[in-house]
Amino acid sequence: MRTNRLVPDVQKIAVLRANAIGDFIFTLPALHALRQAYPKAEIVLLGREWHQKFLANRPGPVDRVVAIPYEAMDGEAKIVDPAIMQPITERLAGEKFDLALQLHGGGGNSNLIINRLEARLTAGMRTPEAPPLDRWIPYVYFQSEYLRYLEVVALVGATTSELEPHLAVTTEDLNESCRVVPESKAPLVVFHPGASVPNRRWPAARFAAVADALAEAGCQVVISGAGNENLLSEEIIATMRQPALDVCGKLSLGGLAGLLSRSALVISNDSGPLHLAGAVGAATVGLYWAINVITAAPPYRERHRPLISWQTRCPTCGTDCIHSKCGHDSSLIEEIEVAEVLTAAHELLSQYSK
């Protein structure tokens with residue numbers, strides 16, 4: 001069933017989105033649309049433990065977070081053991097949600113969880129094999145993630161003309177970032193060389209070449225990353241001729257948001273920090289594999305430059321990586337040239353240097 005009617009007398013809304021930071025950023029326009037459509041309702045995010053910590057005391061559309069066990073949402077292909085979710089879904093059903101929205105994939109697992117909440121109305125996405133909801137759209141992989149979730153919330157009458165994500169940065173975020181990266185008069189450029197999938201990583205030597213060029217142009221260069229990405233940041237800094245500050249593993253997620261919000265530019269692989277940077281107001285140069293630019297690139301171009309690699313075959317074995325996986329970690333975005341990144345970087349720095 002598909003409709004865009006508002007639901008009357010909505011007091012409480014559950015939204016299921018239990019994954020990583022970039023995935024959460026994709027839902028922000030939809031969550032803000034829900035808040036505008038239902039200003040008096042409590043919006044409860046069914047997410048992860050990190051959501052609870054990161055969103056606590058942070059202004060935004062989410063009022064409360066309930067953490068879902070990892071083993072209950074381990075991908076859409078795995079059958080959920082009802083015993084894992086039963087205590088949580090029984091407790092949540094007792095809250096008597098008016099709306100329960102599924103923003104977590106094709107519905108193989110997630111629609112089961114949503115239906116167990118016994119809400120007045122359910123809405124979300126589904127593949128042909130997934131359990132039905134009251135209102136739903138078909139889950140088709142090749143769609144902008146931002147538009148996908150806006151299409152879902154439109155099923156319950158929540159619409160907006162604002163497609164760009166916005167995330168509030170707190171004083172605590174800024175203070176933490178300044179302790180690690182003190183204020184400077186030089187334009188701050190943050191590089192994020194990591195990515196959850198190795199073949200979406202641009203070579204470290206190319207990051208180093210761009211970082212050197214921008215440092216020589218007078219920028220303050222910072223290399224960021226999660227704690228397990230320290231080898232990448234160390235390789236880049238060891239390759240560079242100019243000095244750079246390595247903050248890999250030294251910032252909380254909130255501290256990283258503060259740092260990114262202070263930056264004149266963020267240069268990154270397609271990753272959670274890249275999408276976080278856009279949501280806190282940074283200009284970005286994003287390095288994308290061809291198919292990911294369809295699903296994950298920002299909707300606007302005023303302060304964002306998504307650069308695209310059209311390489312579809314594994315450099316190691318020649319496998320067509322669009323239709324199958326070969327198991328190699330060879331970069332699929334290596335064909336993006338250093339000059340291309342520098343051109344985009346200089347263009348944005350000339351407009352948005354802070």
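The predicted model holds 16 salt bridges, a salt bridge being a side-chain nitrogen of Lys or Arg within 4 Å of a carboxyl oxygen of Asp or Glu. Because the model is predicted, local features need pLDDT of at least 70 and side-chain atom pairs count only at pLDDT 80 or more, whereas totals for chains, interfaces and linings use all residues. Residues are numbered from 1 along each chain as its sequence is written, and side-chain values use heavy atoms, with hydrogens and water left out.

One of these pairs is local. Glu145 bridges to Arg148, with 2.9 Å between the closest N and O atoms. The two residues are three positions apart in helix α5 (residues 145–154), which places them about one helical turn from each other; helices (H or I, at least four residues) and strands (E, at least two) are DSSP runs, numbered from the N terminus. Glu145 is buried at a relative accessible area of 10%, and Arg148 is buried at 0%, where buried means under 20% relative accessible area, exposed over 50%, and partly exposed in between (1.4 Å probe, protein chains only).

Two further pairs reach across the sequence. Arg200 forms a salt bridge with Asp270, the closest N and O atoms lying 3.8 Å apart. Arg200 sits in the loop between β7 (188–192) and α7 (204–216), and Asp270 in the loop between β10 (265–269) and α10 (272–279), so this pair ties together parts that are 70 residues apart in sequence. Arg200 is buried, with a relative accessible area of 17%, and Asp270 is buried as well, at 5%.

Glu347 is in turn paired with Arg305, at 2.8 Å between the closest N and O atoms. Elsewhere, salt bridges with shared partners join Lys12, Glu42, Arg64 and Glu95 into one network.

The sheet is the next stop. Six strands form an open sheet in the order β3-β2-β1-β4-β5-β6, with parallel pairing; two strands pair if DSSP finds at least two bridges between them. Its edge strands, β3 (64–67) and β6 (135–138), each pair on one side only. From one strand to the next the twist averages 15 degrees. Between β5 and β6 the parallel pairing runs over four bridges, and the bridge partner of Arg126 in β6 is Pro138.

Helix α1 (residues 21–37) packs on this sheet, touching β1 (12–16), β2 (42–47) and β4, and its direction makes about 160 degrees with that of β2. Contact means heavy atoms within 4.5 Å, and axes are lines fitted to C-alpha atoms, for helices over the stretch in contact, with angles from 0 to 180 degrees between N-to-C directions. Helix α5 lies across β4, β5 and β6 and runs at about 150 degrees to β5.

Lys96, although not a glycine, has a positive phi of about 55 degrees. Lys96 is placed in the loop between α3 (82–93) and β4 (99–102) and is exposed, with a relative accessible area of 64%. Glu118, likewise a residue other than glycine, has a positive phi near 55 degrees. The loop between α4 (110–116) and β5 (121–126) holds Glu118, which counts as exposed at 63% relative accessibility.
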